[in-house]
Amino acid sequence: MRIVAYSYIEPLIDSIPDPQIWGWEIEEIYQDIDTREKLNQLFIDSQDNAPDYLLINSLHELGNSLTEVENNIFKLESLNIEIISLQQDYHSKNFHNVTSIQQKKELLKIWQEIESLIKHRKLKKAHAKNRLNILPPPGKPPYGYLRGKDGYIVNRATAPIIRAFFDRFLLYGSLQDAVNYLAEKYNKKISVSTAKYWLNNPIYRGDLNYKNKQIIPDTHTAIITREESAQIERIFQSHRRVKSKSASSQHCLAGLIQCQWCKSNFRVNTVTKRNKSANYLYLTPVECQKEIPCKSINYDFVLQKVIENICNSFKEIKNQEQMPNIEQIKNYLLTEINQKKRVITQIEKLLEEKILDEETAKIRTYKIKQDIGVLKQQIAKLPPNSLNTIANTLSLPQFWYDLSSSEKRFYLREFVKIIEIIPQNNYPQKKDIQLNFVFANAQLNNSWQNREKV
C-alpha cells in the first residue's frame, strides 16, 4: 500500500505544516508554496505509479476555486487514488456513487464549506498584502484621522478633540472625568469603554494596529508622544492596583490604605462639624473583624506621615547601588532597533540587486518592522529615567506638598503598592505605618520599607 501526502502553502497567511500531522507512514510529501508545481508533478508521477491513498489537510488546497478543486479531485480519483481529507469528512470511497439523498447532502455541505473557505482565504490574503504594503486595515478610520492615499492622515476638525481628551486624562488620571470634559466642552459624548479604547489604541501613537494584533510602528502622524503613551500605561498600571471606585478618587490615599492585622481596607470619609464650614477627612476601616475594632484615623495626619516616610525611603534609594540602570536598558533596546533597521537597509540593497524578489523582501521587512514595534513598546514601558535620578526630587518634602491632590495620587500609585496600618499589641490606639513599594524586591530585601509611628 503506497501512501503520499499533498499540502499547499500560501506564504502570506500559512505556516509549513508539521509532518507529524498525517499520522500515517507517508512515502512522499508533495508540498507546494504559492504555486502548484508539485501537484502537477503528482499527476505526472501517478500516470505510471499511482499511490493508493492521497492524504490532504483540506480539500481547498487542490485549487483556487471550487471548480478547480472539483476538477482536480475528479482527475485524481480517475487514476484510482483514494483521497482522504483531514479537515473535511471526505473519503473517496464514500462518494464513488452518490445515489442516496444523505450522500448528496453530505457532499453539498462539503462543497459549501470549501467554497466559503476559499473566499475567506482570498480576503485574508488581500489583507495580508495590505499589511506588507503598510496600508491601514479596512473599515472606518479611527476618530481623529482620515484615510489618505497611503495611510491615515490627521483630521484637523476632530484631532484637537482627541488631543484635549488625552491632555485631560494625563492631568487628572480619571477616565470618567475625561469623558465628562469632552461632553461639556466639545459636546462630544462617548462611553467609558470608548474612552478606554482610545487610550489603549496604538493608532494615536502613530502605529498601525491590525486585527491579528500585529503592530507596525511609525506609519503615520501621531497625536500623542511616546512619553505620553508610557505615562498613560503607568496610570493604568497604578489603577489596576486599587479598586475601580478608588481609581479616580480625588483623594490621593484612596485605595492604598490597609490594616496589616485584619486586612481591612480603609475608605475616606468626609466629616463636617456643626456650625463650622471646614470639612475633615478620616480614614475608616471597611470590614474590621477584631474584638477591639480599628478606629478612624485623621486623613491629613496619615498623609503627612506617608510623605515623611516616602521622603526618607527615597533618600536611602539615592545611595543604593543595586538599582537597575534604566538608561542602560534603554540603550540596549535602541541598539537592537538600529541593528534591525540596518537589516532593512540591506534587504533594500538585495532587492535593487535582484537577489531577492519583491514579495520576499516585503515579507522579511514586514516581520522586522513587527520586531521593531515590540522593542519600542518595551522602551515605552520603562520608567522615564533612572530611579536614582528621580529619587533626588522625590526625597524632598516640599515637592510633595506643592503637588495637587491628583498629582500626589499619580506619584503615590506610581511607587507605592500598599500602605499598611499596623496597630500595636499593647496600645491599640497607637499605630505604625508601613509602605510597600512597587519596586521593592527580594534582591534588595525590601530595605526601603520603613515604619513611622502614627
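The exercises below, each with a worked solution, concern a predicted model of one chain.

**Exercise 1. The chain as a whole**

State how many helices and strands the chain has, what share of its residues is buried, and what share of its contacts links residues 24 or more positions apart.

Solution. 
- Step 1. The secondary structure amounts to 14 helices and 16 strands.
- Step 2. The chain has 454 residues, and 44% of them are buried.
- Step 3. Among contacts with a separation of 6 or more, 58% join residues 24 or more positions apart.

**Exercise 2. Cysteines**

Find the number of disulfides in the whole structure, then decide whether C252 is buried or exposed and do likewise for C259.

Solution. 
- Step 1. Searching the whole structure gives 0 disulfides.
- Step 2. The relative accessibility of C252 is 2%, so C252 counts as buried.
- Step 3. For C259 the value is 0%, so C259 counts as buried. The cut-off applied in these two steps is under 20% relative accessible area.

**Exercise 3. Helix 4 against helix 6**

Describe how helix 4 and helix 6 pack, and list the residues that make the contact.

Solution. 
- Step 1. Two packed helices are described by the angle between their axes and the distance between those axes.
- Step 2. For helix 4 (residues 159-172) and helix 6 (residues 192-200), the angle is about 90° and the axes are 11 Å apart.
- Step 3. Helix 4 is therefore roughly perpendicular to helix 6, since angles of 65 to 115 degrees fall in that class.
- Step 4. On the helix 4 side the contact is made by I162, F165, F166 and F169, and on the helix 6 side by A195, W198 and L199.
- Step 5. Sorted by class, the residues of this contact are 7 nonpolar, no polar and no charged.

**Exercise 4. Helix 10 against helix 11**

Repeat the analysis for helix 10 and helix 11, and give the classes of the residues in their contact.

Solution. 
- Step 1. The axes of helix 10 (residues 326-352) and helix 11 come within 10 Å and cross at roughly 170°.
- Step 2. Helix 10 is therefore roughly antiparallel to helix 11, because the cut-off for that class is over 145 degrees.
- Step 3. Helix 10 contributes residues including K330, L333, L334, E336 and I337, which meet a set in helix 11 that includes E358, A361, R364, T365 and I368.
- Step 4. The contact has 12 nonpolar, 2 polar and 9 charged residues.

**Exercise 5. Helix 3: span and cover**

Compare the end-to-end reach of helix 3 with the expected value, then identify its buried residues and elements that cover them.

Solution. 
- Step 1. Helix 3 (residues 101-132) has 32 residues, and from first C-alpha to last it reaches 46 Å, close to the 46 Å expected at 1.5 Å a residue.
- Step 2. Its buried residues are Q103, L107, I110, W111, I114, I118, R121, A128, R131 and L132.
- Step 3. The cover over these buried residues includes helix 2 (66-77), strand 5 (90-91) and helix 11 (358-380).
- Step 4. After helix 3 comes I134, with a positive phi near 55°.

**Exercise 6. The surroundings of L42**

Locate L42, classify its accessibility, and name its contacts beyond four places in sequence.

Solution. 
- Step 1. L42 is part of helix 1 (residues 37-48).
- Step 2. Its relative accessibility is 1%, so L42 counts as buried.
- Step 3. With neighbours within four places in sequence left aside, L42 is in contact with V4, Y30, L54 and L76.
- Step 4. L42 and Y30 are 12 residues apart in sequence and 7.2 Å apart from C-alpha to C-alpha.

Definitions and conventions: Residues numbered from 1 in each chain as written. Predicted model: local features only at pLDDT ≥ 70, side-chain atom pairs only at ≥ 80, totals over all residues. Heavy atoms only, no water. Axes fitted to C-alpha atoms, helices over the stretch in contact; angles between N-to-C directions. Helix = DSSP H or I, 4+ residues; strand = E, 2+ residues; numbered from the N terminus. Parallel < 35°, antiparallel > 145°, perpendicular 65-115°, else oblique. Contact = heavy atoms within 4.5 Å. Nonpolar A, V, L, I, M, F, W, Y, C, P; charged D, E, K, R; others polar. Disulfide = S-S within 2.5 Å. Buried < 20%, exposed > 50% of the residue type's maximum accessible area, 1.4 Å probe, protein only. Expected span 1.5 Å × (residues − 1).
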